[in-house]
Amino acid sequence: LRLAGSLERLGYLVREDGGAFRLGPALWRLGSIYRAQFNLGETVRPELRRLVEATGETASFYIRQGQSHVCLFRHNSPHAARHHLDEGAELPLTAGASAHVLLAFSDRKGAKAKAVQARGHAISLGERDPQVAAVAVPVFDLAGVFRGALAISGLIGRFKEKPRQSALAELAASAQRLRKILPASD
């Protein structure tokens, strides 16, 4: 009770009329400070690096911007022959695993979107570029709000079925880690 009393005095807890405690406004203030200082890149880039180390292929984080998807963050494969795309590149939402995930979890319309939602991922084999295969998963924040698509891409001749399935497991683990630390979006 002494600890609860101290937390109440500092605004971290509020005592209800019936004697029960609830969270206080000081926690909102701390959360606001955290969100204001939060840098998405500092959180996503280590996951991209981890994905490249685990798979040997290129890892990216995409967001939707109107009828396009934008590569916000990228970590390239160490292979000399690799899928390369610059950060900031804007691509149409018509093809590619990340485009399918972005459409499925932002529009949520149509049979294709429902299928991607049900699977929880998308796979693209030569859709945007005939030499590139990619897998992508959705990324959500602490509040469960969709934030973007996390993808791994590689040359189609090297990024075959078994490596794609391994990459999907790595992507799912990364998306879970991000979900635990991405602050709720506005």
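**Figure 1. Salt bridges in the predicted model.** The structure, a predicted model, holds 8 salt bridges. Side chains of opposite charge can pair when their charged atoms come close.

**Figure 2. Glutamate 16 and arginine 22 form a salt bridge.** The N to O separation between the two side chains is 2.5 Å. Glutamate 16 has a relative accessibility of 35% and therefore counts as partly exposed. Arginine 22 is also assigned to the partly exposed class, because its relative accessibility is 43%.

**Figure 3. A salt bridge joins glutamate 87 to arginine 45.** The N to O separation is 2.7 Å.

**Figure 4. Arginine 50 and glutamate 47 pair within helix H3.** Their side chains meet in a salt bridge with an N to O separation of 2.7 Å. The two residues are 3 residues apart in H3, so about one helical turn separates them. Arginine 50 is partly exposed, at a relative accessible area of 38%. Glutamate 47, in contrast, has a relative accessibility of 6% and is therefore classed as buried. A network of salt bridges links Glu47, Arg50 and Arg177.

**Figure 5. Helix H3 packs against helix H6 (residues 161-181).** Two packed helices are described by the angle between their axes and the distance between the axes. The axes of H3 and H6 come within 10 Å and cross at roughly 160 degrees. Since angles over 145 degrees count as roughly antiparallel, H3 is roughly antiparallel to H6. The crossing of H3 past H6 is right-handed. On the H3 side, the contacting residues are Thr43, Val44, Glu47, Arg50, Leu51, Ala54 and Thr55. On the H6 side, they are Ala167, Glu170, Leu171, Ser174, Arg177, Leu178 and Ile181.

**Figure 6. Helix H4 (residues 97-106) is largely enclosed by the rest of the structure.** Of its 10 residues, 8 are buried. These are Ala97, Ser98, Ala99, His100, Val101, Leu102, Ala104 and Phe105. Just after H4, arginine 108 adopts a positive phi of about 60 degrees.

**Figure 7. Serine 124 sits in strand S6 (residues 122-125).** Serine 124 is buried, because its relative accessible area is 4%. Apart from its neighbours within four places in sequence, serine 124 contacts Gly96, Ala97, Val132, Ala133 and Ala134. One of these, Ala97, is a buried residue of H4.

**Figure 8. Confidence along the chain.** The chain has a mean pLDDT of 87, and 93% of its residues reach 70 or more. Among the elements of the chain, the highest mean pLDDT, 95, belongs to strand S7 (residues 132-140). The lowest, 63, belongs to helix H2 (residues 25-37). Where pLDDT is low, the predicted coordinates should not be read in detail.

Note on methods. Residues are numbered from 1 along each chain as its sequence is written. This is a predicted model: local features need pLDDT of at least 70, side-chain atom pairs count only at pLDDT 80 or more; totals for chains, interfaces and linings use all residues. Side-chain values use heavy atoms; hydrogens and water are left out. A salt bridge is a side-chain nitrogen of Lys or Arg within 4 Å of a carboxyl oxygen of Asp or Glu. Buried means under 20% relative accessible area, exposed over 50%, partly exposed in between (1.4 Å probe, protein chains only). Helices (H or I, at least four residues) and strands (E, at least two) are DSSP runs, numbered from the N terminus. pLDDT is the predictor's confidence in each residue, from 0 to 100. Axes are lines fitted to C-alpha atoms, for helices over the stretch in contact, and angles run from 0 to 180 degrees between N-to-C directions. Angles under 35 degrees count as roughly parallel, over 145 as roughly antiparallel, 65 to 115 as roughly perpendicular and the rest as oblique. A crossing is left-handed if the near helix is turned anticlockwise from the far one by less than a right angle, and right-handed if clockwise. Contact means heavy atoms within 4.5 Å.
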